[in-house]
Amino acid sequence: MLGAGGVDCVAASSFSLMQVMKIAITGGTGLIGRSLVLRHVAAGDAVRSLSRRPGSQTGFPQAVKVYSGDLVSTDKSALLSHFVEGADVVYHCAGEMIHASRMRPLHVDGTRKLAQAGYSVVSGGGPGIMEA
């Protein structure tokens, strides 16, 4: 079957140029995060998930690498750097909707820590990109 421009659509769809992607997802046990985990696993990607409640990751395929951590904790920069290292894509889906006292520390400070960890990995340990 020929498509636009005379390209053979059947032959073109028989091979994939896609490589396995390394995906890091914070909040992998939440509504959006869990969907992303399962979608990327189904696509054959290498998935790692960060959650402050790793026991709630039951039901994940064994291929998912689970990281136990909390973006609010101040002593987790090494864990975050390890979590994002080598990732092609980082989805930040961790969120707090119930406890107001955790909202700013997670949504603002935790996001900053995750961005700094990514920058540190990419830049070889240079200074953070954002200062509080």
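Q: Is Gln 62 buried or exposed?
A: Gln 62 is exposed, as its relative accessible area is 82%. Here exposed means over 50% relative accessible area, buried under 20%, and partly exposed in between, with a 1.4 Å probe and protein chains only. Please keep in mind that this is a predicted model: local features need pLDDT of at least 70 and side-chain atom pairs count only at pLDDT 80 or more, while totals for chains, interfaces and linings use all residues. Residues are numbered from 1 along each chain as its sequence is written, and side-chain values use heavy atoms, leaving out hydrogens and water.

Q: Where is Gln 62 placed?
A: Gln 62 sits in the loop between strand 2 and strand 3. Strands (E, at least two residues) and helices (H or I, at least four) are DSSP runs, numbered from the N terminus.

Q: Which residues is Leu 36 in contact with, leaving aside its neighbours within four places in sequence?
A: Contact means heavy atoms within 4.5 Å. With those neighbours set aside, Leu 36 touches Ile 25, Tyr 91 and Cys 93. Leu 36 belongs to helix 2 and counts as buried, at 17% relative accessibility. Leu 36 and Cys 93 are 57 residues apart in sequence, with 9.5 Å from C-alpha to C-alpha.

Q: Which residues lie nearest the centre of the largest pocket?
A: Rolling a probe the size of a water molecule over the atoms shows where empty space is left. A pocket, on a 1 Å grid over the protein atoms alone, is an open set of points where a 1.4 Å probe fits, with protein on both sides within 12 Å along at least five of seven lines; lining residues have an atom within 4 Å of a point. Of the 23 lining residues of the largest pocket, Gly 27, Arg 52, Cys 93, Ala 94 and Gly 95 lie nearest its centre. Helix 2 supplies the largest share of this lining, three residues.
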